[in-house]
Amino acid sequence: FFFSDARPSVDTMGAYKYVEELWKKKQSDVMRFLQRIRVWEYRQLPSICRVTRPTRPDKARRLGYKAKQGFCIYRARVRRGGRKRPVAKGQVYGKPVHCGITKLKFARNLRSVAEERAARRCGALRVLNSYWLNQDSVYKYYEVIMVDPMHKCVRNDPRINWICNPTHKHREMRGLTSAGRKYRGLHGKGHNFTKSRPSKRATWRNNNRLSYRRYR
């Protein structure tokens, strides 16, 4: 007789995969109820506060978080909406091209603003990444993954000790995090994104600046 060791293939999902599938269905009854209860609690707390563990452990781990010493999570709250021009009585005493008051948008996304505010609160920590958490009609809530560059558990780990390099000080202020690279237009590849590299300003400068040979 022929005995095979082939077992029926069963698609087994780990716990993080189940959590990820839950978060993919944000309009389900379970998630809508959970989010509504949580956002009520977030409104009662300060705009920037430390949390003991990530609310979305699957997302945090995909972005580099480890549940060990040297890593911490901060929740940041950012007010939603565009950027109204801050002029008195809505009046610009100048040319009509500058008379727009509303319908103006801030150049950066709200997630990068949340990273910046969390980093200002914790000046000695480095921002690793961040992710969307919740929102209501007034605020958006993000959780920011922060790393202590002076902790031995971080400095001795070859997978994360790159962030201890002094060139990564306040990387969120210079558009080097994922949210920063997104608003700089660096998330795409190919011929459609050649004008975004190395930056939009550098490309404009190269295309609009005369460059002569030295001897002519």
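Helices and strands here are DSSP runs, a helix having at least four residues and a strand at least two, numbered from the N terminus. In this predicted model, the order along the sequence is α-α-β-α-β-α-β-β-α-α-α. That pattern holds seven helices and four strands.

The overall dimensions come next. Along the principal axes, the C-alpha atoms of the protein occupy a box of roughly 85 × 55 × 40 Å. The radius of gyration is 23 Å, whereas a compact globule of 216 residues would have one near 17 Å. Of the 216 residues in the protein, 33% are buried.

Contacts tell how parts of the chain that are separated in sequence come together. Taking contacts between residues at least 6 apart in sequence, 60% join residues that are at least 24 apart.

The charges can be described by their number and their placement. The protein has 54 positive and 14 negative charges. The mean position of the positive charges lies 15 Å from the mean position of the negative ones.

Next come the cysteines. A disulfide is counted when two cysteine sulfur atoms are within 2.5 Å. By this rule there are zero disulfides. For Cys122, the nearest cysteine sulfur belongs to Cys72 and is 6.3 Å away, and Cys122 is in no disulfide. Cys122 has a relative accessibility of 9% and so counts as buried, because buried means under 20% relative accessible area. Cys153 is likewise in no disulfide; its nearest cysteine sulfur, that of Cys164, is 11 Å away. With a relative accessibility of 30%, Cys153 counts as partly exposed, a class that runs between the buried limit of 20% and the exposed limit of 50%.

Gly81 sits in the loop between β2 (71-79) and α4 (110-121). The relative accessible area of Gly81 is 59%, so Gly81 is exposed; the exposed class requires over 50%.

Conventions. Residues numbered from 1 in each chain as written. Predicted model: local features only at pLDDT ≥ 70, side-chain atom pairs only at ≥ 80, totals over all residues. Heavy atoms only, no water. Rg over C-alpha atoms; globule rule 2.2 N^0.38 Å. Buried < 20%, exposed > 50% of the residue type's maximum accessible area, 1.4 Å probe, protein only. Contact = heavy atoms within 4.5 Å. Lys, Arg positive; Asp, Glu negative; His and termini not counted. Charge placed at Lys NZ, Arg CZ, Asp CG, Glu CD.
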